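Please read the following note with the sequence and the model open side by side. Each point takes up one feature and may be checked against the residues it names.

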Amino acid sequence: MSYDRSFQLHSLQQTPKNKRVRQILGREDTLNISPILNESSIFKTLNDTSLRQVLDESSVLVNQGNAGDGLSEAFFEIIQAARPSEALDTLARLSQVCCDSLELVEPWHRYNAHNYWLAEEANTWKLLYCLYADSINEHPKSLDNIILEPTLSQKTLVSALFQSDPELRLLQLLVDWLEATAAYQEETTKTSAPVISNNIHWGNTLHQLLIGSSLFNKEKNKSMITCMDPDAPRRQNKTIHTDDKKDDSDLCKRVFTEVRCGKFNEAVSLCISSGQAWRGAVLQGWKLLHYEQDENGILEVSGNSSRDLWKWCSLNIASDVAENVNYRATVGILCGHLQSTLPACQGNWEDLLWAHLRVQIEARVDKFLREHHATAEANTTPPDVLELLQSELQVEELSLHQIFSAVKSLMEGKRESNYQTCQRHLMLGQIRTIMEDALHWLENSEDKFIRFLAHLVLVLRQMGKDPQHDVGDSVLEKYIIQLIEGLNEGACENPELIAYYTSTVPIQRQIALYAELMGHIQKSEHREEVVNAGIKAGVNVAASARVAIKKAITDIQQGYGNIDFTFTQTSAVEKDKTLVNKVISSLEWLSLIEDQLEEALWLCNAMVRTFIFIGNTDAALLCASSLHKMFADYINKIPSNSSELREHLCLKSYLEGLEAFATWYRHFISGQPKDIEPLAHDASFSDKVHHEQRSAQVEQQKARWKNTVLHQSRHTKNLLYNTLLFPGGWLQDETDSTSSKNFTQEEKEERTKQLDTLRRLCIPEVTILILKILQSSDDIENHKEAVKISNLIAGENRGLYKVFTKNKLLEILDRIKESSLLLLEKGRDIFGYELNE
């Protein structure tokens, strides 16, 4: 009952066992596969999932290996080169790289609990390949279009059935997939016990019979068979030699494994080479009768003309509980008896599914042949045998959905893996259900399964089968975030990979996700690569950079100053320094992108304002000065009427004034030389001379100190006055709008609000600092200038008084009053002018 149909699979070359190198074949190098009832199975060079129980025993003591290393990069190379017309090629390559990665592990570890996920993933890609390949091939829709002759052989008739019946063809496609994957597992694990092929049937029993009863253990010999025919144990009710029992058990297990792997001819050859040709003959009774003329016109006959009679006889073997369980399963699956096969499946999902599908196919083929009894040639089944067979072999026809329900009930409490659930939905054609389940999987699945889901979404889109685009976007976003979080601190070795996957989501999410990537990259040498990769992938890198910088500004607002009290002062300072440098260096992103100077200036100003609000003016000044390093000669490159440039100059003048005041204050407080302690009344002459010399030196130092403080105070006053006397008003826009158009109206309104707040905070502060400098000495001119500051504040031309609160005005007036009182004490009026006699 074989049916040949071939189509092309663009595949990857099998990696040699002794050379761990992946080699991709060209498109012209293909692998022929025959998926429908062919004695050879699909994907013989690829991977598998079934027969899980073979490996669990050997994976305890030895290192399990790291299967799956480098798959992200390999998948990226495949998926970025994929074209919509090459979906099959993409699927084949995805499955192959999984196989190649699995083969890097020791054979006895390839299918253990640690690495089994990789086999399941490879199998899922192969399954999707098979299903998609069948869906794009054209098939006859009616049996009448195929059957044109009045009489046909059984094999030809059944072949026509498979061509015209999509449901039956799907069942066989799944059987071929399950058998091919099992065959690959059996080949790559090499864990099956060898069967000794010596062409001798029950050699130990034969030896025991030949030596007779002249040796030891006579009593035992009486229970052994005296004839060597296969029916002797049952006919004589005696046993064979214990070693032969063990060999028989191994043979039956191996034969079932070969049949499970789709290697029927190998199973028959194994029986013959083991001296049990009668078992091989029993296994061949299921074949359909077929006539074919050779080149010389001689009619060649193949198959079994008494196939139904063979089935009835095989039922007795499959139903006999005294027979070996694997032999019963082998005969049972060939004749369509499910119950005898289930014990050999051991609750394994793949094996149970394979058994149910094989039985369903066999039952439907038998039903079809009975319905076309008169059509097929040489159907020699007697009516009484056919009636007897139908009464003893009754198989309920199940849909694929019912088959899965039956398999679930037989899994002995085991649950489907996520990969098996995906496979089930693919077999049922429930792509939408996979997308719905993906929302749940995103929350509780391992990273490797998220990677699989992301590439499944991309492949489905390549095939034109993505019914829920928004869910697919969520899966891809999760994978991108996973890639970003897996980066080493501050570096990105393969930015093209993340950039490509980012380009697969909607534009707004692209901007946010790439901004997240930028937030993780701290090393300057990697930032240019990230920018270039994003531009190449079509991501709006400039928008992402702006988002990343704005997020950094938000982080500084939330995180700066929240120092754990358990930290030492040094560690707290280091934490501050790290956070500040990270935020300031984020401006570098815009320096790597063309035409982003205005945006960089806007964001730099926002960053400076933030630092001022949290009280870190050193960081604010560092931020302002860093802009010049990133954008050389930026002042001449921006229009002079730019609001951003005006604001930047305002902020810079204020920060320079604060820095100068801090320098003056350090000199004024801690720089003043200390006076020499007075001499004791009984000091010697030499002590007096030394004291006079030291006093002279101190006086010189004081003179130098006063001169330095005087010059520093003048310089500081000028810088502080730059804030109060800034042309057009400090932090006041001369135009109603700003230059950059890449910021929202809400952001512009927030900027205006912050500028107004800074005027209310900084202008009174600068005024007080100027007064502190002026009142630091008894110089009449300084106190006279301090009194005149009231005119500057009250002047309507600048309206500085409007930004003062009542408390600040009172503080300013108190300081001015102190200067007026000092002037009165010096013989001047309250404004510092000389009094007339």
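The numbered points below cover numbering and method, salt bridges, surface patches, helices and backbone angles.

1. This is a predicted model, in which local features need pLDDT of at least 70 and side-chain atom pairs count only at pLDDT 80 or more, while totals for chains, interfaces and linings use all residues. Residues are numbered from 1 along each chain as its sequence is written, and side-chain values use heavy atoms, with hydrogens and water left out.

2. How many salt bridges does the structure hold? The structure holds 30 salt bridges, a salt bridge being a side-chain nitrogen of Lys or Arg within 4 Å of a carboxyl oxygen of Asp or Glu. Side chains of opposite charge can pair when their charged atoms come close.

3. One of these pairs joins Glu397 to Lys367, with 3.8 Å from N to O. The pair links distant parts of the chain, 30 residues apart: Glu397 is in the loop between α16 (383–392) and α17 (400–409), and Lys367 is in helix α15. Helices and strands are DSSP runs numbered from the N terminus, with at least four residues of H or I for a helix and at least two of E for a strand. Glu397 counts as partly exposed because its relative accessibility is 45%, and Lys367 is partly exposed at 40%. In these terms, buried means under 20% relative accessible area, exposed means over 50%, and partly exposed lies in between (1.4 Å probe, protein chains only).

4. Two further salt bridges lie within helices. Lys551 and Asp555 meet in a salt bridge at 3.4 Å, N to O. Both residues lie in helix α25 (residues 541–559), four residues apart, about one turn of the helix. Lys551 has a relative accessible area of 42% and is therefore partly exposed; Asp555, at 29%, also counts as partly exposed.

5. The side chains of Arg760 and Asp756 meet in a salt bridge of 3.2 Å, N to O. These two residues are separated by about one helical turn because they are four residues apart in helix α33 (residues 745–774). An α-helix has 3.6 residues a turn, so residues three or four places apart point the same way. Arg760 is partly exposed at 43%, and Asp756 is partly exposed at 36%.

6. Salt bridges may also be linked to one another. Arg307, Lys311, Glu362 and Asp366 are linked in a network of salt bridges.

7. Which residues gather in a patch of negative charge on the surface? They are Glu493, Glu496, Glu525, Glu528 and Glu529. Helix α24 (residues 524–537) gives the most to this negative patch, with three residues. Glu529 has its place in helix α24 and counts as partly exposed, because its relative accessibility is 38%. Patches are made of residues with over 30% relative accessible area and no salt bridge; like charges are joined within 9 Å, and nonpolar side chains (Val, Leu, Ile, Met, Phe, Trp, Tyr) within 5 Å.

8. A nonpolar patch on the surface is formed by Leu821, Leu824, Ile830, Phe831 and Tyr833, with about 480 Å² of accessible area together. Accessible areas come from the Shrake-Rupley method with a 1.4 Å probe. Leu821 is found in helix α35 (residues 806–825) and, at 45% relative accessibility, counts as partly exposed.

9. Helix α23 (residues 507–520) has 14 residues, which at 1.5 Å a residue should span 20 Å; its end C-alpha atoms are 20 Å apart, which agrees. The expected span is 1.5 Å times one less than the number of residues. Within α23, the buried residues are Gln510, Ile511, Leu513, Tyr514, Ala515, Leu517 and Met518.

10. Is Trp602 buried or exposed? Trp602 is buried, because its relative accessible area is 5%. Its place is in helix α28. The C-alpha atoms of Trp602 and Arg751 are separated by 9.6 Å, although the two are 149 residues apart along the chain.

11. Most residues other than glycine have a negative phi. Gln346, not a glycine, has a positive phi of about 55°. Gln346 lies in the loop between α14 (342–345) and α15 (349–371), and at 43% relative accessibility it counts as partly exposed. Asp595, likewise not a glycine, has a positive phi of about 55°. Asp595 is found in the loop between α27 (588–591) and α28 (597–613); at 71% relative accessibility, Asp595 counts as exposed.

Definitions and conventions. Lys and Arg count as positive and Asp and Glu as negative; His and the chain ends are not counted. The place of a charge is taken as NZ of Lys, CZ of Arg, CG of Asp or CD of Glu.
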